[in-house]
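Grab a pencil and let's work through two exercises together. Try each task yourself before you read its solution.

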Amino acid sequence: MKYYLTKVICGDKSCFLVWYSGHEDGFLVSGQRLRMFSSVEAADRFAREEKISFEAEETTYDFSALPGLTGREEPTEHCRIFIDAWNFFSDLAKSLNEEFMGDSGDKTTDTIYNKLFYGCNLEPLEAEEYHPVFDDNEIRIGSAVLLNGLSILRKQLNEKGDAGMVKHIILWKLKATVEGEEKERVLREMKENLEALTGKVPGLLRLSVVTCPLASSNADVMLDSELESEEALKGYQSHPEHVRVADTYVRPFTEVRLCMDYER
């Protein structure tokens with residue numbers, strides 16, 4: 001099995017997916033959801049955990065301005081854009097057990113696909129240069145196929161919102177007995193040890209700690225972090241290194257804790 005890291009852009013949303021090929025082609029999923037990552041680093045961590053490797057640098061599919069199918073002769077570059085998108089949506093739909101118009105097996109749909117394929121004028125075919133022409137019905141159906149594929153992708157992106165990233169924010173108030181030089185030490189060690197969790201806990205994308213609030217604040221410390229997903233948040237909370245830091249540098253010195261988690 002070969003794995004390819006693929007960046008997908010659709011309007012104002014983007015994420016990284018893992019596209020694989022072998023006996024079958026498809027995208028990695030978890031249940032009925034795509035495995036989506038907000039960064040290359042997040043995808044690399046997942047690959048290390050799963051003991052897989054990517055074949056090459058990531059490829060990019062930008063569907064923000066997918067050109068419309070027209071009735072004129074199609075330049076080779078447009079045929080490549082259409083056929084690449086069609087194949088992408090086909091593998092996407094199969095991975096999610098969704099119905100995709102491009103896989104209907106309808107005679108007209110197959111004709112459109114074949115015109116696009118041969119319109120790419122791939123060198124191995126060694127055929128006379130071919131420029132497809134589409135009639136009105138083929139234009140209508142071909143455009144509907146592409147829109148159908150986009151709707152499947154957008155549903156995944158919209159339901160997870162920016163690749164399912166989770167914000168994890170905590171506010172702490174220190175115990176009244178923690179003051180003076182001890183307070184300075186406690187705040188310094190909290191910040192250093194909590195921020196050091198980045199890179200140690202799978203799925204933790206970013207973590208920063210603020211220990212210098214304005215006088216108008218009624219909290220002493222804020223933790224602001226981002227994780228790949230809600231599943232990653234659960235793993236973070238129970239991770240031995242996180243538990244060790246919390247038990248050693250946080251819980252003994254705090255008396256009030258407020259938490260807010262939400263998907264971006």
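**Exercise 1.** Find which elements each supply at least two residues of the lining of the second largest pocket.

*Solution.* Step 1: the elements are β7 (166-174), α6 (230-238), α7 (240-250) and β10 (254-263). Helices (H or I, at least four residues) and strands (E, at least two) are DSSP runs, numbered from the N terminus.

Step 1: β10 gives the largest share, 4 residues.

Step 2: altogether 15 residues line this pocket, and Ile 170, His 242, Ala 246, Arg 251 and Arg 257 lie nearest its centre.

A quick word on the model: it's predicted, so local features need pLDDT of at least 70 and side-chain atom pairs pLDDT 80 or more, while totals for chains, interfaces and linings use all residues. Residues are numbered from 1 along each chain as its sequence is written, and side-chain values use heavy atoms, leaving out hydrogens and water.

**Exercise 2.** Work out why the pair of Trp 19 and Phe 88 is edge-to-face.

*Solution.* Step 1: rings of Phe, Tyr and Trp (its six-membered ring) pair if their centres lie within 6.5 Å; planes under 30 degrees apart count as stacked, over 60 as edge-to-face and the rest as tilted.

Step 1: the centres of Trp 19 and Phe 88 are 5.3 Å apart and the planes sit at 85 degrees, so this pair is edge-to-face.

Definitions and conventions
On a 1 Å grid over the protein atoms alone, a cavity is a set of points where a 1.4 Å probe fits but cannot get out, and a pocket is an open set with protein on both sides within 12 Å along at least five of seven lines; lining residues have an atom within 4 Å of a point.
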